[in-house]
Amino acid sequence: MFDVGIVGGGAVGSSIAYELSRFDLKIAVFEKEPDVCFGASGRNSGVVHAGFYYRPGSLKAKLCVEGNKKIKEWIKILKVPFKPTGKVLVAFEEDEVKELYKLKETGDTNGVEGLEIIRGSDNVEKICPGVGGAIACMYSPATAIFSPYLLTIALAETALLNGVKYFLNCKIVEVRKENGVFKLKSQKGDKYECRWLINATGVFSAEFSKLVGIDSYRIYPCRGEYLLLDKTLGPLLKMPIYPVPSKEVGGHLGVHITPTVEGPITVGPSAEYIEDPEDYESTPEVMEKLFEGGHKLWPYFKRSDVIRTFSGIRAKPVPPGDKTFHDFVIKEEESIPNFINLIGIESPGLTSAPAIARVVKEMIEKKETLLPKEKFIPSAPRLEKFEELREEEKQRKVKEDPAYGEIICRCEKITKREIIEAIENPLGAKTLASIKYRARSMMGRCQGGYCMPKIIEILEREFGYKPEDFQLHKEGSWLFSGRMRKYD
Ligand SMILES: Cc1cc2nc3c(=O)[nH]c(=O)nc-3n(C[C@H](O)[C@H](O)[C@H](O)COP(=O)(O)OP(=O)(O)OC[C@H]3O[C@@H](n4cnc5c(N)ncnc54)[C@H](O)[C@@H]3O)c2cc1C
């Protein structure tokens, strides 16, 4: 029997697993997908928010401000790519300037450090070169960018190293509580038991809560689509540029232009309520709106700079049309002791994840003593980027292992050794997207046109994959039904 069962292995579930793995506890994480960053945690803006959007006193405000500091510490320890860029919120009209002052007041009250209002186009241009015609901005030095999927992976792999069991492709479909023990059943029929149960299922949190017996929550999936721009533009953009938040959809931060730590730039997200919580479609109409909205903020990109689109789904606790503020729910349910519900963990859920983990830990600590582990390992080893090594070091490595001398992904200059290490990841996640998230293959201009067949060949020849084994991403995203001809 496990002491703690965490359902959902996204950034929130994995942060909780990492935090709790410091203690002498038997912990399990159940994740329905073949990897941990396939939900919202791998499909977002990757911004460490400062905390000026959220109502003073709310959990969102408190946990975002706490999370902003804590996530930066964790990122350093876990060696996750990160840049302390700062961010600007730009105003094009006097009415928007008034909103900037209101946001600064909210931020100051929430304890956000260093917020500054800057007036005049020339001064805005000095802080963030290239902002298209803004008359004022608010500069937030505490905002930063990072790799959200690598953070989620690093948290999960470190938790695993500290004894947490990860069950991938394991959708929990049945929960019963008998004699103080939660009895879980997966879609495949496997059975598990735990004393504490944590609902970290993101956009499925209301549905999972109902499964456990609490039917008082609703989640309304709200899709955010993005355009991804070629990394050649990356050096032109110093920091994320955000508009004054839109009043259209409650809490929507608006279409923004955000650099990523790897170089490409994202434009988005949109905000559109949808029925299916996993409908990741990109639509021509929204792409057009993103192009226009993005251009207003940063007129430096052309249609031909767009290399792909993607989308993420917000776990909104309010229906379309409702513009009221709704807070995160983090609660041990009174009627089901030891069941901790996390509902509506939308933005700033990533930033807040370490603080959410702290709250969950304290909820458990209220009822039992948590004994620190004798030996906690703060970070699992991170894959070394061959391209970032010094020349002599590169030559030494190639001599030792010829797999370093073979470039598999030409756009991102990823070697065969890095691909093999990504395939051999400790979680055992083997889809092409899992390899992509860890090694950065298939992420360049050609989006896998050159390297995907080579990765497939490595999987087939060196890992014994059969054509029917190849999955691109989510369960069921099969690539082939068989082979047309044999190797030479
Ligand atoms: C477009 C967009 C932009 C965003 N930008 C930012 C940002 O810049 N900064 C920020 O701080 N936040 C941002 N957010 C919010 C942030 O991404 C989320 O709050 C955070 O990722 C939520 O993490 P999670 O672990 O709760 O959810 P998820 O990552 O969705 O994880 C939940 C997991 O539960 C699994 N699951 C569900 N049901 C079951 C089941 N029955 N059994 C087993 N597993 C199950 C799912 O497969 C999934 O992996 C953004 C969100 C979106 C959508």
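## Helix α10

Helices are DSSP runs of H or I with at least four residues, strands are runs of E with at least two, and both are numbered from the N terminus. The buried set consists of K416, R417, E418, I419, I420, A422 and I423. These residues pack against β21 (407-409), β22 (414-415), α11 (432-439) and α12 (451-463), where contact means heavy atoms within 4.5 Å.

## Basis of the model

The model is predicted: local features need pLDDT of at least 70, side-chain atom pairs count only at pLDDT 80 or more, and totals for chains, interfaces and linings use all residues. Residues are numbered from 1 along each chain as its sequence is written, and side-chain values use heavy atoms, with hydrogens and water left out.

Strands β10 (172-178) and β11 (181-186) pair antiparallel over 6 bridges; pairing requires at least two DSSP bridges between two strands. E178 stands opposite V181 in β11. The hairpin has 2 residues between its strands, and N179 in the turn has a positive phi of about 50 degrees.

Strand β11 also pairs antiparallel with β12 (191-199), over 4 bridges. Here F182 stands opposite C194. This hairpin has 4 residues between the strands, with G189 at a positive phi near 100 degrees.

## Cysteines

The count is 0 disulfides, a disulfide being a pair of cysteine sulfur atoms within 2.5 Å. The sulfur of C451 is 4.3 Å from its closest cysteine sulfur, in C409, so the two are too far apart for a bond. C451 is buried at 1% relative accessibility.

For C64, the closest cysteine sulfur is that of C222, 19 Å away and therefore too far for a bond. C64 is buried at 0% relative accessibility.

Conventions
Buried means under 20% relative accessible area, exposed over 50%, partly exposed in between (1.4 Å probe, protein chains only).
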